[in-house]
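Please keep the sequence and the 3D view open while you read.

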Amino acid sequence: MATDKFEHATFYLTSEQVNSIKKLARKNQISRSALVRMIIREYLARQDEDKES
């Protein structure tokens with residue numbers, strides 16, 4: 001993960017989304033920040049797919 005570079009971005013989450021992230025992180029035994037990075041990667045990948053279509 002240290003080699004991955006992210007530009008600064010702001011994402012606003014609802015408290016329900018934050019609680020879901022906390023639960024998923026606990027369930028999968030990974031850090032919340034790692035989980036958020038995975039979610040952002042998935043979101044950006046979908047955005048790229050939509051642009052290509």
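The text below goes from the overall fold to the turn, the contacts and the surface patches.

**Overall picture**

Please bear in mind that this is a predicted model. Its secondary structure comes to 2 helices and 0 strands. The chain has 53 residues, and buried residues make up 9% of them.

Helix 1 covers residues 15-28, which is 14 residues. From its first C-alpha to its last it reaches 20 Å, close to the 20 Å expected at 1.5 Å a residue. Helix 2 takes in residues 32-52, with Y43 among them.

**The loop and its positive phi**

Which residue just after helix 1 takes a positive phi? That residue is Q29, with a phi of about 55 degrees. Q29 sits in the loop between helix 1 and helix 2. Most residues other than glycine have a negative phi. Against that background, Q29 is worth a look in your viewer, as its phi near 55 degrees is a positive value in a residue other than glycine. Q29 counts as exposed because its relative accessibility is 74%.

**Where the helices can be compared**

L35, found in helix 2, is 10 residues from A25 along the chain, and their C-alpha atoms are separated by 6.5 Å. S33 also has its place in helix 2; S33 and K22 are 11 residues apart in sequence and 9.9 Å apart in space, C-alpha to C-alpha.

Is L35 buried or exposed? With 7% relative accessibility, L35 falls under the 20% limit, so L35 counts as buried. S33 is partly exposed, at 42% relative accessibility.

| Residue | Relative accessibility | Class |
|---|---|---|
| R32 | 48% | partly exposed |
| S33 | 42% | partly exposed |
| L35 | 7% | buried |
| E42 | 43% | partly exposed |
| Y43 | 43% | partly exposed |
| D50 | 56% | exposed |

How many salt bridges does the count come to? The count is 1. The partners are R46 and E42, whose side chains meet at 3.1 Å, N to O. Side chains of opposite charge can pair when their charged atoms come close. R46 and E42 are 4 residues apart in helix 2, so about one helical turn separates them. At 43% relative accessibility, E42 is classed as partly exposed.

**Patches on the surface**

F11, L13, V18, Y43 and L44 make a nonpolar surface patch of about 440 Å². One of these residues, Y43, lies in helix 2. Y43 has 43% relative accessibility, between the 20% and 50% limits, and therefore counts as partly exposed.

Next come the charged patches. K22, K23, R26 and R32 form a positive surface patch. Which helix gives the most to the positive patch? Helix 1 does, with 3 residues. R32, another member of this patch, has its place in helix 2. R32 is partly exposed, with 48% relative accessibility.

The patch of negative charge gathers D48, E49, D50 and E52 on the surface. D50 belongs to helix 2. Its relative accessible area of 56% is over the 50% limit, which means D50 is exposed.

**Putting it together**

For a quick tour, start at the exposed Q29 in the loop between helix 1 and helix 2. Move on to the buried L35, then to the salt bridge of R46 and E42. Finish at the negative patch that includes D50.

Key. Residues numbered from 1 in each chain as written. Predicted model: local features only at pLDDT ≥ 70, side-chain atom pairs only at ≥ 80, totals over all residues. Heavy atoms only, no water. Patch = residues over 30% accessible without salt bridge, like charges linked within 9 Å, V, L, I, M, F, W, Y side chains within 5 Å. Areas by Shrake-Rupley, 256 points an atom, 1.4 Å probe, with all protein chains shown as cover. Salt bridge = Lys/Arg side-chain N within 4 Å of Asp/Glu carboxyl O. Buried < 20%, exposed > 50% of the residue type's maximum accessible area, 1.4 Å probe, protein only. Expected span 1.5 Å × (residues − 1). Lys, Arg positive; Asp, Glu negative; His and termini not counted. Charge placed at Lys NZ, Arg CZ, Asp CG, Glu CD.
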